[in-house]
Amino acid sequence: MINELLKKRCSVRNFSTEKVPSETIDYILEAGRLSPSGGNEQPWKFGVIKDKSLIKTISKICYNQKWIESADFLVVLCATIVDEEKGGMFIQHSRCPELKETISKLPKELYSKINLEEHQTKIPGSHMVLAALEKGVYSTWISYFNVEELKTLLNLPDNFYPSEILAFGYPQGTLKTTSKKPLDEIVFYDSYSL
Ligand SMILES: Cc1cc2nc3c(=O)[nH]c(=O)nc-3n(C[C@H](O)[C@H](O)[C@H](O)COP(=O)(O)O)c2cc1C
């Protein structure tokens with residue numbers, strides 16, 4: 001069932017003017033809320049952008065990706081900086097012990113910027129994409145944007161940074177799925193062999 005849905009998924013960059021009902025938006029957000037996270041920390045905020053002029057400004061911040069203007073709404077996935085008391089630097093040290101000394105010497109400003117649970121926001125994002133698809137709403141992920149400009153525009157507090165944007169809406173025109181590598185090219189069992 002889920003794989004059938006996933007086979008229909010494709011990035012859409014041309015959305016119709018039809019509005020996505022607010023109950024459907026809530027359904028999509030709920031799918032994100034139900035995501036797992038390390039230590040159940042839920043290190044995220046979901047910014048829902050419906051205002052057309054704000055969407056236009058965001059498309060400029062995404063290095064003029066004009067197609068974004070056609071989206072009915074955007075979800076800006078924001079990741080929090082992991083607090084030190086919740087193991088922020090400790091987690092980085094444990095994952096990459098060989099870099100422990102380098103990480104400890106990083107300027108605080110730089111460390112906070114990379115010490116984001118950014119990878120984790122991919123999980124609620126993926127849930128949202130799938131829940132949307134179930135309702136006939138298509139999407140595209142966006143990572144190509146100026147983080148600081150978007151942070152300022154959305155008035156995000158210091159400890160939150162936008163990690164990805166999802167553009168949602170009903171598709172316009174024909175849908176085109178892309179081909180994916182076959183399983184035997186991407187799966188290995190036990191240890192990797194060339
Ligand atoms: C993390 C991530 C970031 C992406 N950023 C952009 C982006 O900034 N602009 C864009 O047009 N597409 C973006 N894409 C969409 C990819 O180009 C698209 O997923 C890929 O070409 C595969 O096509 P499909 O989604 O139709 O399978 C992004 C996708 C992912 C997963």
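The model is predicted, so local features need pLDDT of at least 70, side-chain atom pairs count only at pLDDT 80 or more, and totals for chains, interfaces and linings use all residues. Residues are numbered from 1 along each chain as its sequence is written, and side-chain values use heavy atoms, leaving out hydrogens and water.

**Exercise 1. Salt bridges within helices**

Find out where K7 and E4 sit in helix α1, and do the like for E101 and K105 in helix α5.

*Solution.* 
- Start with the rule: a salt bridge is a side-chain nitrogen of Lys or Arg within 4 Å of a carboxyl oxygen of Asp or Glu. By this rule there are six salt bridges.
- K7 and E4 form one of them, at 3.7 Å from N to O. These two are three residues apart in helix α1 (residues 2-8), about one helical turn. Helices here are DSSP runs of H or I with at least four residues, strands are runs of E with at least two, and both are numbered from the N terminus.
- E101 and K105 form another, with the closest N and O atoms 3.3 Å apart. Four residues separate the pair in helix α5 (residues 100-105), again about one helical turn.
- Now check exposure: buried means under 20% relative accessible area, exposed over 50%, and partly exposed in between (1.4 Å probe, protein chains only). K7 is exposed at 59%, E101 is exposed at 59%, and K105 is exposed at 62%.

**Exercise 2. A salt bridge between loops**

Which parts does the pair D72 and K19 tie together, and is D72 buried or exposed?

*Solution.* 
- The side chains of D72 and K19 meet in a salt bridge of 3.1 Å, N to O.
- D72 lies in the loop between α3 (52-61) and β2 (73-80), and K19 in the loop between α1 and α2 (22-33), so the pair links parts that are 53 residues apart in sequence.
- D72 is buried, at 6% relative accessibility, while K19 is exposed, at 55%.

**Exercise 3. Contacts to the ligand**

Which side chains place a polar atom by an oxygen atom of the ligand?

*Solution.* 
- Use the cut-off for a polar contact: a pair of N or O atoms within 3.5 Å (within protein, one must be able to donate a hydrogen and the other to accept it, and residues adjacent in sequence count only if both atoms are side-chain atoms).
- Among the side chains that qualify are R9 at 2.7 Å, S11 at 2.5 Å and T178 at 2.8 Å.
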